[in-house]
Amino acid sequence: MKPSRAWQRWRAWVLRQERATTLALFRVLVSAIVLGSLLSAAAADVIDVTWVDAAHGGMLSLGSGNWLVSLLGGPRPPVVWGLFCVGVTGASLSLIGLGGRWPLLATLQAYLGLSSLNPTATGGFDNLLTIALWLLFLSGCNATLSVDARRSEGSWFSERQVAAWPRCLLILQLIVMYTATGLQKVSLSWTPMGGYTALYYVLHDPTWLRSEQLARSVPLSLLRVGTALTWHWEQLTCLLLAVFYFRATRARPGRLRAAFNRWDLRLPWAAVGISLHLGILVLIDVGPFSFISLAYYVNLFTPEEIEAQLFAGPSAAWRAWRNRRTAGSRSSPIATS
C-alpha cells in the first residue's frame with residue numbers, strides 16, 4: 001500500500017535536518033537563565049523559606065511535592081538543597097555543553113521538583129523554562145558551541161546535522177504563548193471601549209513595580225499606545241504560522257504567498273516583542289519571564305542566518321575554520337550541502 005501524501009510530508013518534516021547552531025545558542029541562553037534564577041534565590045536567602053515545608057523550618061505547609069520530591073522524602077532541607085545543587089550543576093554543564101543531553105534532563109527534573117513545591121512562588125516562566133529544557137534534551141543542541149564538540153572534533157564549532165523539529169516546536173510554543181495570552185486579555189481596559197488603559201492600572205498596582213516613582217511618571221498617552229500595541233500584537237502572533245509556511249513554500253505560486261515573502265515579517269514582529277519586554281524589565285519585576293521569552297526568539301532564525309550574523313562577520317576564527325573545513329572536506333555531503 002502506497003503511503004499517503006500527508007504521511008510522506010509528515011515523515012519528511014520529522015526527518016528534516018539542519019546544523020545545530022540555533023539550538024546550541026538557545027541551550028546557552030536557557031542554561032544561563034536557569035542558573036541565574038536558582039543562584040538569585042540562594043543569594044536572597046529564600047531557598048528554605050520558599051521550598052522547605054513548614055514542619056522543617058519553611059514558611060508554608062507544602063505537602064509531598066511531585067513524584068521526585070516525594071520519592072526522595074518530601075520537602076525537607078536535604079532534599080531541597082540536593083535538588084538545588086543538581087539544578088545548578090546541570091545548568092552549568094549545559095551552559096558549556098559538557099556531558100551530552102543528560103545534564104539537561106537532570107536540570108529539568110531538579111527544576112520541576114523545586115517549582116512544584118510552592119505554587120505561590122511560580123509563574124508562567126517556569127513552564128517556558130521546563131518546556132525548553134525538555135525539547136533541548138530531545139534535540140542535538142550539544143553538537144556545536146560546546147565542550148563536547150571541542151573534545152570530539154577539535155573545534156568549538158561543528159557542521160554536524162541534527163533534527164530540525166525541536167526548533168519548530170519551540171517556535172510553535174512561542175506562537176501559542178503569545179496568541180493565548182492575547183486572547184485571555186478580555187477585560188474592558190485592554191480594548192478601545194476601555195480606552196486602552198490596562199497598562200495604566202498595571203503601573204498603579206505596587207505589587208510588581210520596580211520603582212513606583214518611575215512607573216507613575218510614564219505619560220498616559222504612551223501607556224495607551226503600549227496597551228493597544230501589546231494587545232493587538234499578541235493576538236496577531238498566530239499569523240507567524242502563515243509567515244513560516246509561506247517562507248517554506250516560497251517556490252510555489254500565489255499572490256498571498258508572494259505578499260508574505262516580500263518582506264521578512266519576523267523582524268518587525270521580533271522588534272515589537274523586544275521593545276515590550278524591555279519595557280517590562282525596566283518597570284515591572286516578574287522574575288525571569290522576559291529573559292526566557294526573549295531567549296525563544298533565537299529559534300525564529302535558521303542556523304545559517306544565526307551564523308551569518310554572529311560568526312561570519314565579526315569572527316575571523318569562524319571564517320578560518322569554515323575555510324579549512326571546506327578545503328579539507330570537499331567530498332563530504334555535509335561540507336558541500
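Predicted model: local features only at pLDDT ≥ 70, side-chain atom pairs only at ≥ 80, totals over all residues.
Helix 2 itself covers residues 21–43, 23 residues in total. From its first C-alpha to its last it reaches 33 Å, close to the 33 Å expected at 1.5 Å a residue.

Now for the aromatic rings. A pair of rings is described by how far apart the centres are and by the angle of the planes. With ring centres within 6.5 Å as the cut-off, the model has 12 aromatic pairs. Take Tyr178 and Trp269: their ring centres are 5.6 Å apart and their planes sit at 70°, and since an angle over 60 counts as edge-to-face, that's what this pair is. Tyr178 belongs to helix 9 (residues 165–184) and Trp269 to helix 15 (residues 266–283), so the pair ties together parts that are 91 residues apart in sequence.

Are these two partners buried or exposed? Buried means under 20% relative accessible area. Tyr178 comes in at 3%, so it is buried, and Trp269, at 8%, is buried as well.

The charged end of Arg101 sits over the ring of Phe137, 5.8 Å from the ring's centre. Look at Trp190 as well, where Lys185 lies over the face, at 4.9 Å from the ring centre.

Methods: Residues numbered from 1 in each chain as written. Heavy atoms only, no water. Phe/Tyr/Trp six-rings, centres within 6.5 Å; stacked < 30°, edge-to-face > 60°. Helix = DSSP H or I, 4+ residues; strand = E, 2+ residues; numbered from the N terminus. Buried < 20%, exposed > 50% of the residue type's maximum accessible area, 1.4 Å probe, protein only. Lys NZ or Arg CZ within 6 Å of the ring centre and 35° of its normal. Expected span 1.5 Å × (residues − 1).
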